[in-house]
Amino acid sequence: SEMCIRDRPTTDKILLAIADDLNSVVLPAVTDEPAKVLLGQIDQLLRRLSRRTASEIDWMITEIKLINDAIGRETSDIGSYLLTDVAYAYSEASGALGEAIDEAFSEGDTQQIAVLRQLLLDRIAKEQEILGQLDLVGRG
(Lines give C-alpha, C1' and ligand atoms only; values in the text may rest on other atoms or scores of the structure.)
Protein backbone atom coordinates (compact mmCIF):
# COMPACT_ATOMS: atom_id res chain seq x y z
CA SER A 1 0.00 0.00 0.00
CA GLU A 2 3.02 2.28 0.55
CA MET A 3 3.79 1.99 -3.16
CA CYS A 4 0.22 2.95 -4.01
CA ILE A 5 0.47 6.11 -1.89
CA ARG A 6 3.67 7.15 -3.65
CA ASP A 7 2.18 6.45 -7.06
CA ARG A 8 -0.97 8.43 -6.29
CA PRO A 9 -0.09 11.26 -3.92
CA THR A 10 -2.99 13.07 -2.30
CA THR A 11 -3.61 16.74 -3.01
CA ASP A 12 -2.14 17.81 0.33
CA LYS A 13 1.13 15.98 -0.47
CA ILE A 14 1.30 17.51 -3.96
CA LEU A 15 0.91 21.01 -2.51
CA LEU A 16 3.68 20.34 0.04
CA ALA A 17 5.97 19.01 -2.71
CA ILE A 18 5.40 22.19 -4.75
CA ALA A 19 6.20 24.33 -1.68
CA ASP A 20 9.35 22.29 -1.01
CA ASP A 21 10.49 22.60 -4.65
CA LEU A 22 9.92 26.35 -4.60
CA ASN A 23 12.05 26.62 -1.44
CA SER A 24 14.86 24.34 -2.52
CA VAL A 25 15.08 25.12 -6.25
CA VAL A 26 13.45 28.46 -7.07
CA LEU A 27 14.13 30.56 -3.95
CA PRO A 28 17.96 30.14 -4.02
CA ALA A 29 17.98 31.34 -7.63
CA VAL A 30 15.97 34.51 -6.89
CA THR A 31 17.83 37.70 -6.00
CA ASP A 32 14.99 40.23 -6.27
CA GLU A 33 13.69 41.04 -2.75
CA PRO A 34 10.01 41.61 -3.69
CA ALA A 35 10.08 38.27 -5.56
CA LYS A 36 11.56 36.55 -2.48
CA VAL A 37 8.78 38.02 -0.33
CA LEU A 38 6.20 36.79 -2.84
CA LEU A 39 7.71 33.30 -2.78
CA GLY A 40 7.47 33.33 1.02
CA GLN A 41 3.79 34.21 0.78
CA ILE A 42 3.19 31.49 -1.82
CA ASP A 43 4.96 28.99 0.45
CA GLN A 44 2.66 29.87 3.37
CA LEU A 45 -0.46 29.65 1.21
CA LEU A 46 0.54 26.27 -0.24
CA ARG A 47 1.19 24.85 3.23
CA ARG A 48 -2.08 26.24 4.55
CA LEU A 49 -3.99 24.84 1.58
CA SER A 50 -2.28 21.49 2.12
CA ARG A 51 -3.59 21.32 5.71
CA ARG A 52 -7.02 22.40 4.55
CA THR A 53 -7.38 19.88 1.71
CA ALA A 54 -6.23 17.05 3.97
CA SER A 55 -9.15 17.45 6.38
CA GLU A 56 -11.68 19.94 5.02
CA ILE A 57 -14.43 17.49 4.02
CA ASP A 58 -14.20 15.50 7.27
CA TRP A 59 -14.15 18.73 9.29
CA MET A 60 -17.29 20.08 7.59
CA ILE A 61 -19.21 16.79 7.94
CA THR A 62 -18.31 16.64 11.64
CA GLU A 63 -19.34 20.29 12.10
CA ILE A 64 -22.69 19.71 10.37
CA LYS A 65 -23.47 16.89 12.83
CA LEU A 66 -22.37 18.97 15.83
CA ILE A 67 -24.50 21.93 14.72
CA ASN A 68 -27.55 19.77 14.09
CA ASP A 69 -27.17 17.99 17.44
CA ALA A 70 -26.88 21.36 19.23
CA ILE A 71 -29.97 22.83 17.59
CA GLY A 72 -32.06 19.65 17.63
CA ARG A 73 -32.16 19.18 13.89
CA GLU A 74 -32.00 15.90 11.97
CA THR A 75 -28.80 15.40 9.96
CA SER A 76 -29.90 14.51 6.45
CA ASP A 77 -27.79 12.67 3.89
CA ILE A 78 -25.46 15.09 2.11
CA GLY A 79 -25.68 13.04 -1.08
CA SER A 80 -21.99 12.87 -1.93
CA TYR A 81 -18.53 13.64 -0.65
CA LEU A 82 -17.88 16.15 -3.42
CA LEU A 83 -16.46 19.31 -1.90
CA THR A 84 -19.18 21.50 -3.44
CA ASP A 85 -21.98 19.32 -1.98
CA VAL A 86 -20.41 19.15 1.47
CA ALA A 87 -19.66 22.89 1.43
CA TYR A 88 -23.29 23.61 0.49
CA ALA A 89 -24.58 21.44 3.36
CA TYR A 90 -22.10 23.11 5.73
CA SER A 91 -23.24 26.56 4.66
CA GLU A 92 -26.87 25.55 5.12
CA ALA A 93 -26.14 24.18 8.62
CA SER A 94 -24.25 27.37 9.47
CA GLY A 95 -27.32 29.40 8.44
CA ALA A 96 -29.51 27.24 10.67
CA LEU A 97 -27.03 27.80 13.52
CA GLY A 98 -27.28 31.56 13.02
CA GLU A 99 -31.08 31.36 13.19
CA ALA A 100 -30.89 29.20 16.34
CA ILE A 101 -28.59 31.76 17.98
CA ASP A 102 -31.01 34.59 17.13
CA GLU A 103 -33.92 32.53 18.50
CA ALA A 104 -32.07 31.66 21.72
CA PHE A 105 -31.31 35.34 22.34
CA SER A 106 -34.84 36.48 21.54
CA GLU A 107 -36.26 33.88 23.94
CA GLY A 108 -33.61 34.63 26.58
CA ASP A 109 -32.65 30.93 26.65
CA THR A 110 -29.37 31.27 28.55
CA GLN A 111 -28.70 27.52 28.57
CA GLN A 112 -28.99 27.27 24.77
CA ILE A 113 -26.96 30.47 24.34
CA ALA A 114 -24.16 28.86 26.42
CA VAL A 115 -24.29 25.65 24.34
CA LEU A 116 -24.20 27.52 21.03
CA ARG A 117 -21.47 29.89 22.25
CA GLN A 118 -19.28 26.89 23.13
CA LEU A 119 -20.00 25.35 19.73
CA LEU A 120 -18.81 28.56 18.04
CA LEU A 121 -15.66 28.71 20.20
CA ASP A 122 -14.85 25.06 19.40
CA ARG A 123 -15.48 25.76 15.72
CA ILE A 124 -13.07 28.71 15.69
CA ALA A 125 -10.40 26.68 17.50
CA LYS A 126 -10.78 23.80 15.02
CA GLU A 127 -10.61 26.20 12.07
CA GLN A 128 -7.37 27.72 13.39
CA GLU A 129 -5.93 24.26 14.02
CA ILE A 130 -6.73 23.11 10.47
CA LEU A 131 -6.03 26.27 8.55
CA GLY A 132 -3.24 27.64 10.68
CA GLN A 133 -2.53 31.28 11.24
CA LEU A 134 -1.98 33.15 8.00
CA ASP A 135 0.83 35.61 8.45
CA LEU A 136 1.72 36.97 5.04
CA VAL A 137 5.41 37.72 5.14
CA GLY A 138 6.21 41.28 4.10
CA ARG A 139 2.60 42.44 4.16
CA GLY A 140 1.56 44.80 6.88
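A contact here means heavy atoms within 4.5 Å. By that criterion, Ile-71 touches Ala-96, Leu-97, Ala-100, Gln-112 and Leu-116, leaving aside residues up to four places away in sequence. The model is predicted.

**Fold and surface**

The protein has five helices and zero strands. Along the sequence the pattern reads α-α-α-α-α. Of its 140 residues, 25% count as buried. Among contacts with a separation of 6 or more, 68% join residues 24 or more positions apart.

**Nonpolar core**

The largest nonpolar core holds 20 residues. Ile-67, Ile-71, Leu-97 and Leu-116 touch the most other members. Three helices each supply at least two residues of this core: H3, H4 and H5. The largest share, nine residues, comes from H4. In soluble globular proteins, nonpolar side chains tend to be buried together.

| Helix | Residues |
|---|---|
| H3 | 33–71 |
| H4 | 83–107 |
| H5 | 110–131 |

**Helix H2**

H2 covers residues 11–26, 16 residues in total. From first C-alpha to last it reaches 21 Å, close to the 22 Å expected at 1.5 Å a residue. Which residues of H2 are buried? They are Asp-12, Leu-15 and Ala-19. Seen down the axis of H2, the buried residues fall within an arc of 70°, so they line one face of the helix. These buried residues pack against H3.

Conventions
Residues numbered from 1 in each chain as written. Predicted model: local features only at pLDDT ≥ 70, side-chain atom pairs only at ≥ 80, totals over all residues. Heavy atoms only, no water. Helix = DSSP H or I, 4+ residues; strand = E, 2+ residues; numbered from the N terminus. Buried < 20%, exposed > 50% of the residue type's maximum accessible area, 1.4 Å probe, protein only. Core = buried A, V, L, I, M, F, W, Y, C linked by side-chain atoms within 4.5 Å. Expected span 1.5 Å × (residues − 1). Arc of directions from axis to C-beta.
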